[in-house]
Amino acid sequence: MKKIIALLLAVAMLFCFAGCGTKDTNSDADAAKSDLKVGFIFLHDEQSTYDKNFMDAAKAACDAMGVEYAQKTQIPESQKCYDAAVELIETDGCDIIFADSFGHESFLIDAAKEYPDVEFCHATGTQAHTAGVANFHNAFASIYEGRYLAGVAAGLKLNEMIENKEITAEEAKMGYVGAFTFAEVISGYTSFYLGAKSVCPSVTMDVKFTGSWYDEQKEKEAAQALINGGCVLISQHADSMGAPTACETAGVPNVSYNGSTVAACPNTFIVSSRIDWTPYFKYMIEQVQNGEAIATDWTGTIETGSVVLTDVNEKAAAAGTAETIADVKAKLLDGTINVFDTANWTEKGVKLESYMADVDTDADFAKDTEAIENGVFYESKHRSAPYFDVMIDGITLLDTNFG
Amino acid sequence: MADTAVKTHREPLFHVVKRDDMPWWKAWAIRAATIVIAFFIVGLLSAAVTEKSFGETYSVMFSGVFGRLFEGRTTMLWKYLQEIAILLCLALALTPAFKMKFWNCGAEGQALMGGLAPIVCMIELGPKLPYPVLIAVIAITSIIAGAIWGVIPAIFKAWFNTNETLFTLMMNYIATQIIAYYVYLKGGGSNVINPVEYGNFPAVGNNNYFINIVVVAVITVIMYIYLKYSKQGYEISVVGESQNTARYIGINVKKVIIRTMVISGALCGVTGMLLVAGTDHSININSVGGQGFTAILMSWLGQFNPFIMVIMTALVVFLRIGVSKVADTALLNSSFSEIMVGLVILLLVGCEFFINYSIKFKHSKKEARV
């Protein structure tokens with residue numbers, strides 16, 4: 001026993017000395033940078049495509065800006081989020097706290113009230129513009145534009161299948177795996193559908209909900225059920241590899257989300273839209289470095305580089321997809337195309353002239369803001385988080401899940 | 001002749017012998033050594049995985065638990081004490097049941113039900129009742145809720161001799177589903193109950209944890225006295241040793257089982273209340289976070305002695321927070337901390353084996369002398 005302890009001690013001392021040697025150089029390099037520090041709170045870890053997208057952006061932005069950062073992963077939407085924020089401030093000395101999940105919001109606001117000198121930024125939240133907490137900010141991106149573009153790629157693929165006589169025009173039915181029946185998901189699948197419809201007018205779509213942002217098995221089963229139900233192309237708004245891998249197995253084309261899944265699905269991956277959070281992270285760091293205020297409600301767009309599409313997988317996509325996407329993207333940028341132009345969709349056969357959306361957070365989910373102006377439903381204008389929740393014609397909800 | 005004798009009486013390579021003769025100081029020396037070695041192994045593994053130096057690993061662990069204490073920031077220290085208090089309170093709750101050899105594996109569910117009562121009061125009665133009345137209602141309902149969840153398996157055990165381990169475990173799942181349903185009812189779109197502003201325990205000097213810590217400290221002392229010096233505590237020990245003996249000397253075994261489980265469940269309920277009304281002001285299925293199961297080990301490792309349990313919980317919570325910080329700093333998956341805590345508990349449980357039993361090897365010198 002004595003011998004073992006002596007041995008362990010010796011090893012320990014070796015480690016200590018090794019540590020002493022390297023530590024100095026590191027701290028010198030850091031000191032030359034900035035003393036600002038950002039703390040990130042993630043719902044899951046890098047296994048989740050949603051969180052990985054944030055984690056990659058956090059690293060990219062902080063490395064580019066030369067600031068240090070700390071992170072906490074697997075933080076549920078509970079008091080644990082408050083605890084994580086406090087720890088990042090107290091122990092790591094962070095000056096900006098960022099949390100990535102919708103349900104983190106209330107707990108983050110609690111921490112924000114306690115630490116008025118720290119800036120709190122929150123993705124996908126809805127309360128900042130009404131909470132009245134000066135150091136609490138929301139951010140999102142006009143991802144519906146990205147999904148519209150991805151929908152165009154899907155529509156082109158359907159056209160190709162119709163041309164090749166694989167399906168008839170009436171059989172052009174897409175499937176969509178959603179997490180919950182919330183505005184965020186509804187806005188997403190509707191824009192995807194409208195994108196497809198803009199090039200393939202006969203398209204219809206079935207939607208299934210899993211009731212979870214991350215449940216690989218359920219997402220796989222939902223995708224399989226949609227394929228069995230006659231869907232010839234699948235897209236999803238949930239964060240695991242469930243739907244993409246189900247598509248690869250079944251040989252059904254897939255339009256992905258959160259980033260490329262081409263490595264796992266080389267034969268069926270067409271394209272993926274995602275939000276690139278790097279511009280926002282850079283923005284919030286810059287504002288704090290310059291002593292300026294962070295916007296209460298920040299919406300990233302194609303223009304800011306927040307809404308991006310991955311490279312098109314030529315193997316699965318229809319010919320000319322990349323060119324058409326570039327063309328439509330230009331039209332979105334110059335305003336010739338509006339995703340939710342009421343001329344392009346109907347609700348129960350009627351074109352909408354007016355729609356009151358639930359923009360301000362309250363217990364009763366009251367419809368408080370007119371969203372349609374000049375024949376266009378303006379998404380992400382009155383707040384960054386989506387509020388489009390119209391059930392438009394052509395899309396069938398096979399089930400619903402309100403959580 | 002000699003050859004056959006050897007063959008028929010073939011000795012195993014080693015055999016295990018129960019030992020009762022170990023002096024207390026020696027037993028504690030073994031435990032202390034195990035703890036030191038366990039910390040050492042954790043440090044070594046952490047250093048290896050995170051590619052940090054050994055010393056640095058410990059300093060990160062330390063800063064994770066105590067924060068920047070030396071700069072006068074005490075928040076993390078209080079948070080540490082709070083985490084100890086919650087785990088300790090659950091361990092204390094289980095101890096009377098365990099002493100009675102009633103394997104209450106339902107602390108998780110009992111605490112969840114004890115947490116459900118306050119959140120229901122806070123949401124439904126919060127705006128209607130004056131603050132002191134609300135706090136009283138919260139305290140009473142959470143104690144009753146926990147006690148009910150604990151006493152149901154006790155009643156079945158006392159009258160029908162059902163297996164309490166399975167029963168209490170099943171009750172956990174029922175409690176979890178009830179919480180899930182309540183969160184679904186009240187959570188709205190995001191499936192999260194936002195912090196409720198009513199019926200929160202008061203913060204003492206801006207400190208949300210202070211009251212919880214004091215409450216658990218008081219419970220610790222009372223539990224020690226109850227188990228060691230009260231008549232009821234003695235009855236629990238007798239029933240635990242032998243139900244027949246207890247019956248023979250005139251102890252109503254059914255009464256003791258039920259009474260003890262009411263206490264056990266009620267204390268779990270108190271833990272749930274401390275979590276919900278004291279700090280979280282919200283609830284979800286993970287509010288107790290599996291600590292109801294860790295508490296089983298804490299009670300055992302503490303030898304059913306509340307004061308030793310304080311040390312054991314302090315140790316385990318230190319590791320949990322500290323190693324999790326090491327993992328965070330190295331941008332590692334947070335499951336790493338759970339693995340390390342599991343490893344240390346395994347070592348501690350393992351050392352109890354060597355305290356209670358000795359291993360005799362074949363042809364060992366000691367045996368030869370005998």
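In chain B, helix α6 (residues 131-160) packs against helix α7 (residues 164-186) at an angle of about 150°, and their axes are 10 Å apart. That makes α6(B) roughly antiparallel to α7(B) (the label for angles over 145 degrees). This is a predicted model, where local features need pLDDT of at least 70, side-chain atom pairs count only at pLDDT 80 or more, and totals for chains, interfaces and linings use all residues. Residues are numbered from 1 along each chain as its sequence is written, with chains lettered from A and ligands numbered from 1 in the order in which they are written.

**The helix pair**

- The α6(B)/α7(B) crossing is right-handed.
- On the α6(B) side, the contact is made by B:W149, B:I152, B:P153, B:F156 and B:K157, and α7(B) brings B:E164, B:F167, B:T168, B:M171 and B:A175 (contact: C-beta atoms, placed from the backbone, within 7 Å).
- Sorted by class, that contact has 7 nonpolar, 1 polar and 2 charged residues.

- A:N374 is not a glycine, yet its phi is positive, about 50°.
- You'll find A:N374 in the chain A loop between β15 (372-373) and β16 (376-377).
- A:N374 is exposed, with 8 other C-beta atoms within 10 Å (exposed is 12 or fewer, buried is 20 or more).
- B:H281 also has a positive phi, near 55°, and is a residue other than glycine.
- B:H281 sits in the chain B loop between α11 (253-280) and α12 (291-301).
- B:H281 counts as buried, with 26 C-beta neighbours inside 10 Å.

Key: Axes fitted to C-alpha atoms, helices over the stretch in contact; angles between N-to-C directions. Helix = DSSP H or I, 4+ residues; strand = E, 2+ residues; numbered from the N terminus. Parallel < 35°, antiparallel > 145°, perpendicular 65-115°, else oblique. Left-handed = near helix turned anticlockwise from the far one by under 90°. Contact = placed C-beta atoms within 7 Å. Nonpolar A, V, L, I, M, F, W, Y, C, P; charged D, E, K, R; others polar.
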